[in-house]
Amino acid sequence: MPQNPKDPNHPGRRVDWSHTQFETRAIRAGQDPDAEYNSVIVPIYQTSTYRHNAIGDFNGYEYSRTDNPTRTALQASVASLEGGEWGLAFSSGTAATREVATLLDPGDHILMTTDAYGGTFRLFDTVFRKYGVETSTADLSDLDAAKAAVRSNTRMIWLETPTNPAMRITDIAAMREIADGVGAMLVVDNTFATPYLQQPLALGADLVVHSSTKYLGGHSDVIGGMVVGNDETLYQQLKDLQNGAGSVPGPMDCWLTLRGIKTLALRMDRHSENGMAVAHYLQQHPKVSQVFYPGLPDHPGHDIAKRQMRSFGGMVSFRAAGGREAAMKIVESTKLIMLAESLGGVESLIEHPDTMTHASVSGTPLGVDGDVIRFSVGIENIDDLLADLGQALERA
Ligand SMILES: *Cc1c(COP(=O)(O)O)cnc(C)c1O
């Protein structure tokens with residue numbers, strides 16, 4: 001078994017590879033050769049159930065909603081990379097988000113970043129509102145705005161940094177203090193940065209959430225979510241929800257995510273390098289009026305980003321100088337760079353948030369201006385990317 005259930009690390013607990021560096025842990029943590037055949041790669045345990053030797057005598061795995069060895073390996077891997085004590089995998093980033101919000105009670109308040117993932121806002125504002133959990137938003141990159149927005153019943157502060165698509169940066173350590181002021185839990189959706197670029201638990205977050213659909217998986221071939229933390233009580237509550245509410249990923253999805261994670265460091269280095277080159281290119285282009293990228297020195301969050309991130313990642317947003325029509329023309333004119341929602345894969349994807357990813361919040365305070373384009377910069381050759389972007393901009 002990749003994770004002997006008699007091992008105190010089971011299930012989903014961090015495996016102690018703490019003496020090794022991130023790149024090494026991405027390849028090995030949670031992924032010991034299986035005991036039976038010494039397979040170097042964790043097998044896909046495509047089974048729903050497990051044989052008992054006798055009543056009460058089974059080797060830790062009973063039923064795959066509760067635990068599955070491939071999932072255990074993924075959980076231990078991501079826990080190790082985030083520097084958390086434990087990790088739990090879910091069927092999507094949205095499912096992970098829902099389980100975290102389920103920790104709250106009627107009457108509680110969630111304060112979230114204004115331009116957090118639209119689906120997260122929709123989930124809180126529709127499903128959880130019905131159960132008496134209130135949600136409000138504020139620009140949490142502005143600490144004064146954050147302080148003014150917390151309420152006496154704020155029990156959860158939900159952060160994304162960088163945000164999407166405005167690429168706002170929030171000081172995670174400063175938000176810890178604000179959360180402590182009202183006794184709220186601090187949750188960071190670390191999907192954009194990944195643990196390679198930013199480790200929120202070390203900066204004071206209680207929980208880290210991921211859409212592993214994006215950079216962790218990294219190949220646009222699987223939907224998944226993760227929650228990572230240190231607190232034992234939160235683990236028990238979320239573990240009970242994982243089993244009891246049942247939003248678990250299948251073993252094949254866990255395996256694909258684990259395979260993606262092995263190259264996370266390499267990919268993020270190249271995403272960041274290409275992201276920076278694209279941001280510089282766009283900044284000097286006459287068809288572009290503004291670039292949002294935390295790696296640019298004139299970005300308002302640059303100094304904080306430099307402090308809390310290793311590098312700045314592969315997400316770049318910009319405004320088309322010609323306005324909404326020009327923005328739509330540009331995203332429809334790229335050839336190598338595909339017009340598609342989602343992000344974080346090895347291939348470059350471009351989109352128009354106001355009519356695509358953010359259409360559901362169009363016209364609300366969470367909406368995105370029509371001239372904004374979001375670019376998930378892939379790891380292709382940078383000259384090919386700039387040539388394609390250049391010809392598309394010329395058509396606007
Ligand atoms: C995509 C995304 C989600 C939702 O994850 P799914 O896997 O699509 O359910 C949550 N947060 C962020 C930042 C995302 O980009």
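## What lines the cavity

Strand S1 (86-90) and helix H9 (251-261) each give at least two residues to the lining of the largest cavity; helices here are DSSP runs of H or I with at least four residues, strands are runs of E with at least two, and both are numbered from the N terminus. H9 makes the largest contribution, with 3 residues. Among the lining residues are Phe-90, Val-222, Asp-253 and Thr-257, where lining means having an atom within 4 Å of a cavity point. By class, the lining has 7 nonpolar, 4 polar and 1 charged residues, with Gly counted as polar and Cys and Pro as nonpolar.

A search of the whole structure turns up 1 cavity of 30 Å³ or more. A cavity is a set of points on a 1 Å grid over the protein atoms alone where a 1.4 Å probe fits but cannot get out. The largest cavity holds about 30 Å³ of space, the volume being what probe spheres set on the points fill.

## About the model

This is a predicted model, with local features needing pLDDT of at least 70 and side-chain atom pairs pLDDT 80 or more, while totals for chains, interfaces and linings use all residues. Residues are numbered from 1 along each chain as its sequence is written, and side-chain values use heavy atoms, leaving out hydrogens and water.

## The open sheet

Elsewhere, 5 strands make an open sheet of mixed pairing, ordered S8-S9-S12-S11-S10; pairing takes at least two DSSP bridges between two strands. S8 (288-292) and S10 (338-339) sit at the edges with a single partner strand each, so one side of each has no neighbour in the sheet.

Definitions and conventions: On a 1 Å grid over the protein atoms alone, a cavity is a set of points where a 1.4 Å probe fits but cannot get out, and a pocket is an open set with protein on both sides within 12 Å along at least five of seven lines; lining residues have an atom within 4 Å of a point.
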